[in-house]
Amino acid sequence: MVIYTYGVIDSKDTIDETIFGLEGAGVYNVSYRDIGVAVSELGEKMQEITDTNVLKHEEVIETLMTKFTVLPIRFSTIFNTKEELLLIVEFYYQDFKDNLDRLRNKVEFGIKVMWPAKIIKQRIAEVYNKRKFTVSIMADSPGKTFVKEKFEKHIIEKEFEEEAVRCIAVVDDYFNKIASERKIKKLQTENLLLNAAYLVGKDKQDDFKKAFEQLKSTPSDLKFLFSGPWPCYNFITLTKKPSSADYFNAEHMLNRLLAQQGLPERVQHDHEPRYLTGMNGGF
Amino acid sequence: MDRQIKTLQDKNSYLDLQKEKRITLLEVLDRALDKGVVISGDIVISVADVDLIYLGLKVLLSSVETMERLRGSPFSGAAEEPT
Amino acid sequence: MNRIIETDSQEAFVQEMEKIQDTLPSRIDANPKNVEKGLAKLVLTLVELIRKLLEKQAMRRIEGGSLSDEEVERIGETLLKLENKMQELKEIFALKDEELNLKLGPLGDLM
């Protein structure tokens with residue numbers, strides 16, 4: 001039996017509603033101080049990503065969002081025991097609190113934009129060919145021919161990326177006053193001009209949708225995909241980074257946790273940190 | 001580093017999914033697989049990439065495993081080998 | 001939650017998004033157990049990275065106009081030979097362009 005996690009919630013109370021998660025198991029709250037993690041139990045560790053599981057994971061988070069502020073957890077984050085989970089929550093407690101406060105009453109929207117890369121590059125090439133080539137390269141040898149071709153490609157590529165930046169700025173202008181934060185991925189493929197996530201207050205959802213309608217109705221070569229509202233996947237920031245120093249704190253934290261649970265303290269050992277001895281695939 | 005994560009249902013049945021379902025799935029995957037609260041549970045380490053920035057966290061969890069062993073829990077015993 | 005997904009070109013977006021998702025069936029490497037190939041892949045990926053960086057640097061210098069005709073010729077020949085050699089090696093190890101890349105997790109792809 002292992003523990004599958006869905007999201008960090010801003011409540012220590014039991015979850016009233018009956019929510020079913022992966023493998024049909026009930027979702028409940030593992031609380032720590034004034035927050036908690038919504039989890040369910042799995043028979044054994046998960047081996048595969050299946051569409052059913054991923055969609056179920058998402059569904060659980062979205063149901064939780066109707067009642068709580070939720071920090072969605074990445075798919076397939078699993079713990080052996082409740083104690084291990086609590087250790088993690090304790091470690092990230094402040095980060096979780098900060099994110100919950102920042103993301104309360106906010107949702108994420110996704111805007112994806114495609115453009116016809118080949119056509120754009122063709123247009124750029126036409127303009128380039130009309131210009132006088134400032135570098136005089138006589139293509140009289142394989143080396144020089146190679147350079148000439150490469151150079152042309154290089155200039156076109158450069159111009160292409162600059163055009164992308166300009167285009168993205170125009171699109172972003174429709175949304176950046178309505179959204180409080182945004183994450184932008186430029187040219188993930190040459191045709192996928194923009195993959196953006198916007199953090200929008202729940203009260204501004206309609207404004208955001210309207211802005212998209214405006215963008216869509218403006219004539220252009222662009223194709224659009226609008227999705228949302230989503231849980232705020234793209235806007236979680238964890239500032240705490242685990243380091244080897246945490247190993248030495250771990251003993252102390254564990255004993256405290258065990259004491260809280262009414263279990264005997266772990267015996268202290270003097271030994272080299274485990275990570276040096278190649279445990280669990282470590283170096 | 002290659003993802004150890006296995007495939008979705010086989011290609012044919014994926015292609016059978018209507019376009020709307022495929023795009024929903026792709027949108028969900030774009031978020032749920034990589035984003036959100038990204039922390040390592042113990043099992044995730046053994047089946048997925050080992051993110052270097054979480055090496056320290058692995059160390060943290062190693063000591064948890066020791067704790068389990070001392071308590072004689074069913075999870076004690078040889079560490080899982082990463083696949 | 002009333003989530004909506006609205007687009008005027010579903011097929012096009014599905015196509016592009018599949019390219020960036022590495023968990024879908026069409027992108028699965030069929031034979032990951034070939035150790036030699038794995039090593040070649042790693043080495044060639046790094047060589048390819050260096051080659052691309054050299055090319056980029058050369059282009060910048062040409063743009064800046066700081067190279068003589070002779071230097072341009074020499075660079076061109078060298079880069080051409082490098083590119084042809086890489087092509088040979090890729091064929092020998094049956095590696096495609098897309099395979100010569102490294103996933104760096106949160107940092108994206110190497111190239």
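Helix H3 of chain A spans residues 93–103, and among its residues A:Tyr93, A:Asp95, A:Phe96, A:Asn99, A:Leu100 and A:Leu103 are buried (under 20% relative accessible area, with exposed meaning over 50% and partly exposed in between; 1.4 Å probe, protein chains only). These residues lie on the same side of H3(A), because they cover an arc of only 160° around the axis, taken from the directions from the helix axis to the C-beta atoms. Helices here are DSSP runs of H or I with at least four residues, and strands are runs of E with at least two, numbered from the N terminus. After H3(A) comes A:Asn105, with a positive phi near 60°.

This is a predicted model, where local features need pLDDT of at least 70, side-chain atom pairs count only at pLDDT 80 or more, and totals for chains, interfaces and linings use all residues. Residues are numbered from 1 along each chain as its sequence is written, chains are lettered from A and ligands numbered from 1 in the order in which they are written, and side-chain values use heavy atoms, leaving out hydrogens and water.

Now to the sheet: 5 strands form an open, antiparallel arrangement in the order S7(A)-S8(A)-S6(A)-S9(A)-S1(C), where pairing takes at least two DSSP bridges between two strands. At its edges are S7 (181–186) of chain A and S1 (4–7) of chain C, each pairing on one side only. Within the sheet, S6 (residues 106–114) and S8 (residues 192–201) of chain A are joined by 9 bridges, and A:Ile111 stands opposite A:Ala196 in S8(A).

Finally, look at C:Val43, in helix H2 (residues 35–64) of chain C. C:Val43 is partly exposed, with a relative accessible area of 45%.
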